Amino acid sequence: MKQAKRKSVLLFMFCLILVLTACSGNNGTTEQPDTTKKEVEPSKKQITLTFQNHYPDATDVQHKVMQQITDDYMAANPHIKVEVDSLNIDQQKIKLKTQAASNDMPDITVVNAAAQMAPFVEGGKLASLNDILERDGLGESFHSGILDYYTFDDNVYALPDGNNIAVIYYNKELFEQAGVAIPATYDDLIKAAETFNSKKIIPMVVGEKETWTGSYFFMNILLRLAGPGYLNDVQNKTKDFMDPAFIESVAKFRQFIEAKGFQEGATSYDYDSAESLFTSGQAAMYFMGTWATGAMDEADVKGKVGVFPFPTVDGKGDPNEYMLGPGTGFALAANSEHLEEAKDFLHYFMTNYPKVSFDFKNAVGVAQVVQGDFVQAGYSQLAIDVLDIFKQVKGGDIAFDNTMDPSTTQTHLNSIQNLFVSSIPPEDTAREHQNAFAANNQ
Amino acid sequence: MHAAKISKLTLSVFVLPCLILYVVLVFVPISVAGYYSLFQWNGIGEQLFVGFSNYSKMLTNDPVFWPSVGRTIMFAFFSMAEIPIALLIAVLLTRYVRKPNFLVSSYFLPVILSVVVIGQLWKSIYNPASLGGLLNNALDFVGLESWTRTWLADPKVSIFALFFVSLWQYLGYHILIQFTGIQNISQEVYEAAKIDGADGWKADRYITFPLVVPVFKISMVLAVIGSLKVFDMVMVMTAGGPAHATEVISTLMYNKTFAALEYGYGSAISIFLVIECLLATVLLNKLFKSSEDSME
């Protein structure tokens with residue numbers, strides 16, 4: 001009995017602590033504005049802006065650039081405090097969706113381009129940025145066409161920091177060792193894979209646990225066979241997924257998998273572990289967006305990596321057309337209490353972004369025009385090569401998830417992953433796409 | 001009894017904090033999910049009331065749903081099958097090991113490790129031999145090359161590879177529970193039985209097993225509920241892939257809600273999960289009730 005009593009007392013105290021801590025937590029958040037108000041200067045109110053982004057790694061150059069500009073802004077505007085909320089990309093996506101659902105979005109946040117940001121725009125969650133683009137010619141600093149991916153009904157809702165294209169990185173040493181030349185056609189690519197396999201070298205890596213990576217490669221085949229804008233045509237219902245070019249693309253993709261073009265067990269590799277197979281020099285090729293350039297220059301393979309464009313498929317397609325990667329863009333919450341200040345901050349941020357990035361040697365694949373001599377600033381040969389490729393870009397297409405609705409996208413991503421593990425007829429894969437599209441776009 | 005003297009008011013005051021917590025953290029979210037499951041909603045824009053069509057789509061028209069349920073239930077069975085093994089090990093530990101606490105703690109160790117750590121560890125064990133996978137290299141070494149495979153990328157075996165890791169991780173947990181249960185049986189009972197000639201296995205058969213049933217039951221319920229809502233392990237190791245081959249109910253719910261942005265549909269799946277867990281608990285309780293009754 002005595003013991004039971006003691007137990008119940010303990011239990012009660014535990015509950016009490018829970019309740020008390022819950023209450024004190026509430027008090028903390030409600031009282032905070034009061035304390036900051038006391039420090040207010042007579043003329044200007046103290047303001048806190050929340051800046052959500054997905055550069056959580058403080059050693060990463062992207063994070064350093066972001067932090068530098070933010071700190072500069074706060075130094076120039078002492079009455080504004082910018083609170084940085086850095087999360088990794090998946091967490092950030094989910095946090096933002098939850099915040100949007102409860103009308104509690106951060107003042108400044110990041111969204112993905114085109115179809116992925118459409119729900120936010122249609123839900124009226126984002127503020128139009130047309131006015132700050134006109135201020136001091138900020139709009140002209142962007143590469144032509146890039147803002148289209150963030151524009152809905154002539155209103156720009158997000159400003160991108162990156163503008164990338166997909167290329168094939170290759171390990172020059174391994175190519176020489178196996179006696180393989182740079183593939184100019186898709187058949188060459190498959191032959192190269194066979195040669196590498198016979199020499200026990202992994203031909204190409206892909207992080208297919210994150211399904212978009214395989215889809216990105218597949219989409220480049222589709223771009224060669226069907227030409228740019230195919231998915232838009234599907235969306236406008238002038239074409240469908242049963243198109244011969246789509247079916248043929250599935251067959252071609254499958255052909256590369258059957259030639260063991262990708263590493264064994266590719267579907268269990270996430271992005272980072274796949275990339276490290278290449279950057280540690282174990283694989284010959286790596287198909288990825290040019291944002292990966294920075295990682296190459298910091299790894300074992302530094303100095304041994306070259307780039308070439310995705311080859312033509314069956315003599316079709318223009319190698320100067322690329323999978324374009326309009327990256328994430330910074331957006332502002334429409335219901336922000338300090339929308340004007342947030343706009344001011346974003347204007348400052350984007351105006352200074354190219355210069356600060358250049359200084360941090362991170363100006364490859366920036367969405368804005370960068371002034372400066374890259375060679376003189378000590379950029380790596382790989383970075384220079386990538387910049388040269390950028391000069392030859394004659395358009396292209398964007399990723400599947402940036403074009404289609406999220407539900408069809410998931411079906412697509414899963415059926416592409418399925419190609420890695422089972423040999424179903426390409427027509428079935430196409431039909432799976434068509435059914436999902438029809439169900440979600442009635 | 002002291003209990004009679006405590007007024008109803010005092011009782012309710014003491015119960016209230018927990019009740020509030022329970023209602024706010026359990027009951028309200030479930031009701032909210034139930035409400036959203038009646039809508040077609042992407043989580044951001046407009047909500048469109050669709051009645052029970054999410055449920056009918058889930059039950060009749062989703063090629064991934066029933067296989068996911070099947071895998072989840074299969075996993076629950078595997079977890080249940082693990083409990084007798086845990087009990088056996090606990091009995092052996094009590095009987096033959098002089099200082100069993102150290103062993104029990106070591107078996108328990110995987111439980112306190114983060115699932116992410118375990119997942120990464122086993123991922124590298126399951127890797128292809130060419131990339132240093134321990135398991136495949138070991139098979140190669142003993143001459144079983146034909147058994148080697150890409151464990152997590154082969155849709156036929158990947159789900160079992162996942163189950164195995166989870167079973168391995170929680171074996172120590174159940175051993176600890178059973179072991180404690182056995183320790184709590186009074187030594188006097190055994191001594192009395194010894195005088196009557198019941199020793200060794202006989203003592204286990206007629207004393208240990210019947211008296212450990214309540215603890216056994218707890219283990220069972222924990223194992224079943226735990227496996228019905230398994231999520232983190234699958235997410236870390238395969239994220240439901242390749243091509244849905246390792247999808248279970250909770251990962252399907254997550255993927256539908258957050259990746260495909262079908263918030264209402266995801267809510268419907270979560271309601272299914274709640275009902276399934278409740279059913280399993282009730283069923284298990286019934287089962288043990290009848291077996292306990294028969295023993296008395």
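## Salt bridges within chain A

K239(A) pairs with D233(A) in a salt bridge (a side-chain nitrogen of Lys or Arg within 4 Å of a carboxyl oxygen of Asp or Glu), with 3.7 Å between the closest N and O atoms. K239(A) counts as partly exposed at 31% relative accessibility, and so does D233(A) at 25%; here buried means under 20% relative accessible area, exposed over 50%, and partly exposed in between, with a 1.4 Å probe and protein chains only. This is a predicted model, in which local features need pLDDT of at least 70 and side-chain atom pairs count only at pLDDT 80 or more, while totals for chains, interfaces and linings use all residues. Residues are numbered from 1 along each chain as its sequence is written, chains are lettered from A in the order in which they are written, and side-chain values use heavy atoms, leaving out hydrogens and water.

K394(A) sits in the loop between α14 (381-392) and β13 (396-398), and D318(A) in the loop between β10 (305-308) and β11 (322-326), so the pair ties together parts of chain A that are 76 residues apart in sequence. K394(A) is exposed at 53%, whereas D318(A) is partly exposed at 24%. Helices (H or I, at least four residues) and strands (E, at least two) are DSSP runs, numbered from the N terminus.

## Helix α2 and its surroundings

Helix α2(A), residues 61-76, has 16 residues and should span 22 Å at 1.5 Å a residue; its end C-alpha atoms are 23 Å apart, which agrees. The expected span is 1.5 Å times one less than the number of residues. Among the buried residues of α2(A) are V65(A), M66(A) and I69(A). The buried residues of this helix pack against β1 (47-53), β2 (80-86) and α13 (339-359) of chain A.

## Where chain A meets chain B

In this interface, 30 residues of chain A are in contact (heavy atoms within 4.5 Å) with 34 residues of chain B. The two chains bury about 2,700 Å² between them, 69% of it on carbon and sulfur atoms; buried area is the accessible area (1.4 Å probe) that two parts lose on being put together, summed over both.

One salt bridge is found across the interface of chain A and chain B: D270(A) pairs with K123(B), their closest N and O atoms being 3.7 Å apart.
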